[in-house]
Every structure is written in C-alpha cells, then in structure tokens.
Amino acid sequence: PFTRSCICLMHYLVDGYNLLFFLKKSDPFQKNRDFLIDSLNKMAKNQRSAITLVFDGDYEWGDQSGLAYFSYLLVAFSPKNQTADEYILEKISYSSTPSLYTVVSEDQGLLRSAKSLSARTKSIESFLRWLKKCNKTSGEEKPQKESEIHLERLRKIFEKRLQDPEA
C-alpha cells in the first residue's frame with residue numbers, strides 16, 4: 001500500500017486530467033487514464049517523494065473515499081461538487097507544512113493559487129523531465145570493475161593455493 005508519506009521529502013499533487021490532456025494520446029480515455037496511472041506508479045517507485053494524482057469527479061474505484069492506493073502512488077477523485085483544483089488547494093490549505101507540497105499542472109490559475117498558499121509549483125513538462133532523470137540515475141547499481149592490481153593479487157593467491165593446497 002501507499003506508505004511513502006511518512007518518509008517523503010516532497011509531496012507532489014498532480015492535476016490528473018491536465019496531465020492526461022498534456023500527453024495527448026489518441027487511445028480511448030479510460031485506457032489512457034489507466035495507462036497514465038500505471039506508468040506514473042512505476043516511475044514513482046524510485047522517488048523519495050509522495051505523488052498524488054488528482055482527478056475531477058466522484059469516480060468509484062471500490063473505495064467510498066474516492067481514493068485508490070497503489071504501491072507508490074495515490075490516486076484521488078475529488079468529491080461531488082468539488083473540482084480537482086479545489087481538492088488540491090484544500091489539501092494545501094489544511095497542511096501545517098504547505099511548502100512540502102508541489103502542485104504539478106499547466107493551469108496557471110491553479111499554480112498561482114498554490115503559490116499564494118506557500119506551496120511550490122512545477123509545470124507538467126518539468127515534472128516529467130524530473131521523473132525521467134530520477135529514473136535514469138536511480139537504476140540498478142552497476143557492478144564495480146576490479147582494478148588490475150587487485151585482480152593480479154587475487155590471481156597470485158589462487159596460483160599459490162593451487163601449487164600448495166595446505167598454504
């Protein structure tokens with residue numbers, strides 16, 4: 001389950017439909033949204049940040065709260081009669097540490113309102129570049145190459161043991 005909020009350095013509140021429309025995919029809408037959620041969850045795996053993807057509307061995902069928890073991502077659907085923008089701003093306004101929130105959107109009105117509440121802001125393009133960069137740099141650790149001197153030392157030890165097994 002989504003447990004990153006207790007260890008995160010930053011909490012990203014992403015305007016879901018704004019991101020979806022920014023990507024301009026031609027597939028059916030539901031398929032695009034599901035693909036976006038899956039992709040963002042995979043990319044969020046390597047972050048020390050919490051990411052909440054916020055969509056408009058009271059979509060039921062099997063949870064009456066309008067929240068869906070993934071391994072590294074929280075998906076929130078705003079309650080009836082509340083927009084995703086209002087949901088995001090409400091979340092920031094009730095926080096005791098609004099500066100730990102970054103709002104991700106291309107909606108300039110939302111970004112201005114978030115800044116006025118002391119939250120940080122980021123464009124969608126900048127957010128996606130950041131995610132890609134973090135995923136490139138935090139991949140699997142590459143095995144270190146042994147130095148020639150170290151390999152030569154090991155070779156000598158091995159040869160000595162082959163010649164004198166009791167050594």
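This is a short talk about how one predicted protein chain is put together, from its overall layout down to single residues.

Residues are numbered from 1 along each chain as its sequence is written, and side-chain values use heavy atoms, with hydrogens and water left out.

Let me begin with the layout. The chain has six helices and six strands. Here, helices (H or I, at least four residues) and strands (E, at least two) are DSSP runs, numbered from the N terminus. If you walk along the sequence, the pattern reads β-α-α-β-β-β-α-β-α-β-α-α.

How much of the chain is buried? Of its 167 residues, 35% count as buried. Buried means under 20% relative accessible area, exposed over 50%, and partly exposed in between, using a 1.4 Å probe and protein chains only. One more overall number: among contacts between residues at least 6 apart in sequence, 55% join residues at least 24 apart. A contact means heavy atoms within 4.5 Å.

Now for the aromatic rings. Rings of Phe, Tyr and Trp (its six-membered ring) pair if their centres lie within 6.5 Å; planes under 30 degrees apart count as stacked, over 60 as edge-to-face and the rest as tilted. By this rule, the count comes to six aromatic pairs. One of them is Y12 with F127, a tilted pair with 5.5 Å from centre to centre and 45° between the planes. Y12 sits in strand 1 (residues 10-15) and F127 in helix 5 (residues 124-137), so this pair ties together parts that are 115 residues apart in sequence. Y12 and F127 are both buried.

Next, have a look at F55 and F77. Their ring centres are 5.3 Å apart and their planes are at 20°, so this pair is stacked. F55 belongs to strand 2 (residues 49-55) and F77 to strand 4 (residues 74-77), so the pair ties together parts 22 residues apart in sequence. F55 and F77 are buried as well. Ring pairs also link Y17, F21, F55 and F77 into a cluster.

While we are at strand 2, let me point out T52, which has its place there. T52 is buried, with a relative accessible area of 1%. What does the side chain of T52 make a polar contact with? With the side chain of H11, at 2.7 Å. A polar contact is a pair of N or O atoms within 3.5 Å; within protein, one must be able to donate a hydrogen and the other to accept it, and residues adjacent in sequence count only if both atoms are side-chain atoms. Leaving aside neighbours within four places in sequence, T52 is in contact with H11, Y12, L13, V14, L74 and A76.

On to a pair of helices. The axes of helix 3 (residues 84-93) and helix 4 (residues 108-116) come within 10 Å and cross at roughly 10°. Axes are lines fitted to C-alpha atoms, for helices over the stretch in contact, and angles run from 0 to 180 degrees between N-to-C directions. That makes helix 3 roughly parallel to helix 4. The cut-offs are under 35 degrees for roughly parallel, over 145 for roughly antiparallel, 65 to 115 for roughly perpendicular, and oblique for the rest. Helix 3 brings D85, I88, L89 and I92 to the contact, and helix 4 brings L110, S113 and A114.

Let me finish with a few single residues. F22 is in helix 1 (residues 16-23) and counts as partly exposed at 32% relative accessibility. Not counting residues up to four places away in sequence, F22 touches E106, I124, E125 and L128. A44, found in helix 2 (residues 29-44), counts as buried at 0% relative accessibility.

Last, two residues in loops. N81 has a positive phi of about 70° although it is not a glycine. S118 is not a glycine either, and has a positive phi of about 80°. S118 lies in the loop between helix 4 and strand 6 (120-122).

That's my tour, thank you!
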